[in-house]
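Thank you all for making time this morning. I would like to walk you through one model, going from the whole chain to a few local details.

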Amino acid sequence: MAAANFENAKSRYETDGYLILPQPVIPAELVMRAVEGMDAIRRSEYDTGRPPCSSPWKHGDDPNKLCKIEQPQFASKAVFELVSHPELGRWAAQITGATMVQAWWVQLLYKPPHVGNANTNVGWHQDQSYWGIWEDGSQLLTAWVAISDVTADSGPMFFAKGSHKWGLRNQGDFFGQDLEAQKRAIAAQCQSEWIEDTAILPPGGVSFHHCLTVHGSGPNTSNLPRRSFAIHLRTQNSRPVSNKREGLSQYIDDPSLCPILFEE
Ligand SMILES: O=C(O)CCC(=O)C(=O)O
């Protein structure tokens, strides 16, 4: 695909803390099956016979709220195929220099069109704040895969450029709704200029972000849902604290749940 020739991908990722690929990476046919898989999971229908992990949103909850379901690849064959797609591993290896890339945790994110007071923003945050199970310095990043057209009005992700160099701020909140207040608080404490970039993506498109990159997203003012998977990746340069398997690291020894996407 044309995206495979995207110039300076590694140095852009290293400088900015994220990379937004200009072309789709996941084939359209697999995107269609993943959309069906996503809808089935939202209805609690699991073609693998296994449910996802306990999640902030479940079937029967307010359909106007942000739907976040943990480890959806456990529950749908098509979603597992998407999460395992070798192009994701190849890109992640290219931008990090890794010899091994594993999907260790995945989140289904379905952002419905905004209605009333329903909470659908994703507050500014750094993923690392939630990932204390990993030793300091572990090489962790996220492949965020769009399976709908992610346009400027559908609540796309915003990244603060270069914020992966600001250190761990512990100021963000994924579920925070007042994006402007959060931004002011974070910006007031950092020495650098706040420059935002928006991750507009076609279906099958992907952005990558570093575990310290400050990011969030606003309301979906379009009339279609914004659909995606946040696929959290690790490289060979990562280790759970005390090498323990618990919480978010409990499945990493099972590649049938947490697939290896790249290995040299
Ligand atoms: O989907 C979003 O708007 C935010 C997702 C996110 O926080 C992440 O992928 O780390």
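First, the ground rules. This is a predicted model, in which local features need pLDDT of at least 70 and side-chain atom pairs count only at pLDDT 80 or more, while totals for chains, interfaces and linings use all residues. Residues are numbered from 1 along each chain as its sequence is written, and side-chain values use heavy atoms, with hydrogens and water left out.

The protein chain comes to 5 helices and 11 strands, where helices (H or I, at least four residues) and strands (E, at least two) are DSSP runs numbered from the N terminus. Its radius of gyration is 17 Å, close to the 18 Å that the globule rule gives for 264 residues, so the chain is as compact as a globular protein of that length; the radius is taken over C-alpha atoms, and the rule is 2.2 Å times the number of residues to the power 0.38. Of the 264 residues, 53% count as buried, meaning under 20% relative accessible area, with exposed over 50% and partly exposed in between (1.4 Å probe, protein chains only). Among contacts (heavy atoms within 4.5 Å) between residues at least 6 apart in sequence, 85% join residues at least 24 apart.

Turning to helix 2, its 15 residues, 28-42, should span 21 Å at 1.5 Å a residue, and its end C-alpha atoms are 21 Å apart, which agrees; the expected span is 1.5 Å times one less than the number of residues. Its buried residues include Leu-30, Val-31, Ala-34 and Arg-42, and what covers the buried residues of the helix includes strand 2 (67-70), helix 3 (77-83), strand 3 (100-111) and strand 10 (226-235). After the helix comes Ser-44, whose phi is positive, near 65°.

Ala-160 is found in strand 6, residues 157-160, and counts as buried because its relative accessibility is 0%. Leaving aside neighbours within four places in sequence, Ala-160 is in contact with residues including Trp-124, Trp-166 and Trp-194.
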